[in-house]
Amino acid sequence: MTGEVWTQLSSAITGLMLAWVMFQQYFPSQFRGYLEKYSQKLIGLVDPYIHITFHEFTSERLKRSEAFSAIQNYLSSNSTKNAKNLKAEVARKGQSVVLVMDDYEEVTDVFNGVKVWWSSSFKATPQQSLSYYPVFEERRFFTLKFHRSHREIITEKYVEHVLKEGKEIAVRNRQRKLYTNNPSDNWSGWKSTKWSHVVFEHPATFDSLGMETKKKEEIKKDLIKFSKGKNYYAKIGKAWKRGYLLYGPPGTGKSTMIAAMANFLDYDVYDIELTTVKDNSDLRKLLIETTGKSIIVIEDIDCSLDLTGQRKKREKDENGDETDEEKDPISKKKKEAKEEGKRTSKVTLSGLLNFIDGIWSACGGERIIVFTTNYVDRLDPALIRRGRMDKHIEMSYCCFEAFKVLAKNYLELESHELFGKIEELMGQTEISPTDVAENLMPKSDEEDVETCLKC
Ligand SMILES: Nc1ncnc2c1ncn2[C@@H]1O[C@H](COP(=O)(O)OP(=O)(O)OP(=O)(O)O)[C@@H](O)[C@H]1O
Ligand SMILES: [Mg+2]
């Protein structure tokens with residue numbers, strides 16, 4: 001194009017923009033409304049296509065739209081063949097790459113001989129913020145375009161077909177995730193999210209967990225009953241959720257148990273760091289953004305906040321001696337690390353109780369809430385009463401039965417002449433499964449089974 005044409009084009013655009021600004025300024029809004037309405041009608045006469053948009057976030061702006069996710073899945077698997085710009089995402093267990101439509105890309109689909117067009121885009125809307133620089137929030141959406149003569153089949157059958165298939169694809173490709181909450185202070189801004197995640201890949205299972213078989217079976221049964229209890233919970237009018245309190249000394253397998261539970265039920269894990277949550281309202285927002293089929297975990301609940309009611313902060317016992325916590329270096333470190341966070345967080349006991357069983361706790365489907373602590377007697381009874389924490393599980397020092405599980409896992413040993421002696425010693429001492437596991441792990445190629453057991 002020659003320079004002259006460019007100049008003409010740019011002056012035409014400038015003229016149009018000027019006209020638009022004057023139109024906005026000088027025409028009364030009512031008149032503008034009429035004009036816009038009739039211009040839409042006019043466009044409708046010329047343009048025979050209908051457009052439907054599906055936004056990523058629902059009108060309440062709190063929850064990600066299920067329809068949006070379903071469409072995204074559907075388009076990834078059905079329509080990427082004819083898209084030119086694709087984004088690559090790694091699928092389940094890193095085995096293959098999934099191609100997703102890129103922004104502003106358009107693809108076509110055919111349903112019962114009817115052709116439709118899908119496009120994806122986003123709009124950046126300014127947000128209220130105290131920051132000097134403008135803060136934008138990105139709102140994504142898909143647009144479905146079709147000829148108005150196919151209105152019925154598309155709105156009544158095609159959309160339903162897309163949503164159904166998209167949900168089925170999600171179940172097939174489900175890659176479990178481990179989430180952690182971003183500090184509330186970082187929630188506003190470009191592409192901000194409340195949760196960050198990685199793929200959940202912890203290998204722990206109930207089989208590898210050193211614990212009495214009876215206890216393990218009981219927990220497994222409880223979990224199965226819960227996960228199949230949709231109708232039961234609906235019948236009794238209770239939100240479909242269950243609370244577990246895991247308590248015991250450090251290194252007895254509480255965190256390992258959570259991973260085993262998640263693997264057993266095929267659930268996601270949301271690990272909440274309470275000290276970075278600003279207040280109760282932010283805690284609720286986090287809850288709303290969790291999905292069903294998940295385990296929400298708050299580790300070391302006794303250290304996280306001042307949730308210990310009247311009996312808090314026993315720095316020294318009555319005789320002036322050190323408390324159990326001060327004697328144990330791990331607990332002491334944990335407490336110190338969380339002290340700092342506590343000063344900035346205003347989450348209260350009542351906020352946490354509401355989080356567990358307030359009205360909001362019922363949204364989003366089946367969920368398990370797990371608290372862990374080294375000191376169960378420090379917690380406020382209201383927090384751990386049955387109904388909130390339905391099942392209390394004590395994770396204790398290693399018993400002989402647990403030792404046998406660990407010996408089988410680590411050394412592939414079912415029995416050994418030293419087992420008798422070990423059983424006797426275990427009755428006399430308190431040793432955590434972590435310490436047992438550490439001793440059972442050969443440190444070099446020369447170290448054999450016998451050496452490990454003698455340790
Ligand atoms: N019961 C157990 N069965 C198998 N392995 C265990 C068990 N307990 C501990 N371990 C091993 O010890 C390590 C530490 O255990 P874990 O982190 O689960 O302890 P914890 O009870 O959560 O401790 P803390 O109270 O300090 O958080 C794990 O990596 C795991 O391999
Ligand atoms: Mg732990």
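Predicted model: local features only at pLDDT ≥ 70, side-chain atom pairs only at ≥ 80, totals over all residues.
**View 1. Helix 8 beside helix 12.** The axes of helix 8 (residues 280-288) and helix 12 (residues 349-357) cross at roughly 20° and come within 9 Å. Helix 8 and helix 12 are therefore roughly parallel to each other. The crossing of helix 8 past helix 12 is right-handed. To find the contact, look for Asn280, Leu283, Arg284 and Leu287 on helix 8, and for Gly351, Asn354 and Phe355 on helix 12. Sorted by class, the residues of this contact are 3 nonpolar, 3 polar and 1 charged.

**View 2. Helix 5 crossing helix 7.** Here the axes of helix 5 (residues 213-227) and helix 7 cross at roughly 45° and come within 11 Å. That angle makes helix 5 oblique to helix 7. Helix 5 passes helix 7 in a right-handed crossing. Where do the two helices meet? Lys220, Leu223 and Ser227 of helix 5 meet Met261, Phe264 and Leu265 of helix 7. The contact of helix 5 with helix 7 has 4 nonpolar residues, 1 polar and 1 charged.

**View 3. The surroundings of ligand 1.** Ligand 1 is surrounded by 18 residues, and the closest are Gly210, Pro250, Gly253, Thr256 and Pro433. Helix 7 (254-265), helix 14 (400-411) and helix 16 (433-440) are the elements that each give two or more residues to this shell. By class, the shell has 9 nonpolar, 8 polar and 1 charged residues. Domain 2 (178-308 + 324-394) and domain 3 (400-454) each supply at least three residues to the shell around ligand 1.

Technical notes: Residues numbered from 1 in each chain as written. Chains lettered and ligands numbered in written order. Near = placed C-beta within 6 Å. Helix = DSSP H or I, 4+ residues; strand = E, 2+ residues; numbered from the N terminus. Nonpolar A, V, L, I, M, F, W, Y, C, P; charged D, E, K, R; others polar. Domains from an automatic or database assignment. Axes fitted to C-alpha atoms, helices over the stretch in contact; angles between N-to-C directions. Parallel < 35°, antiparallel > 145°, perpendicular 65-115°, else oblique. Left-handed = near helix turned anticlockwise from the far one by under 90°. Contact = placed C-beta atoms within 7 Å.
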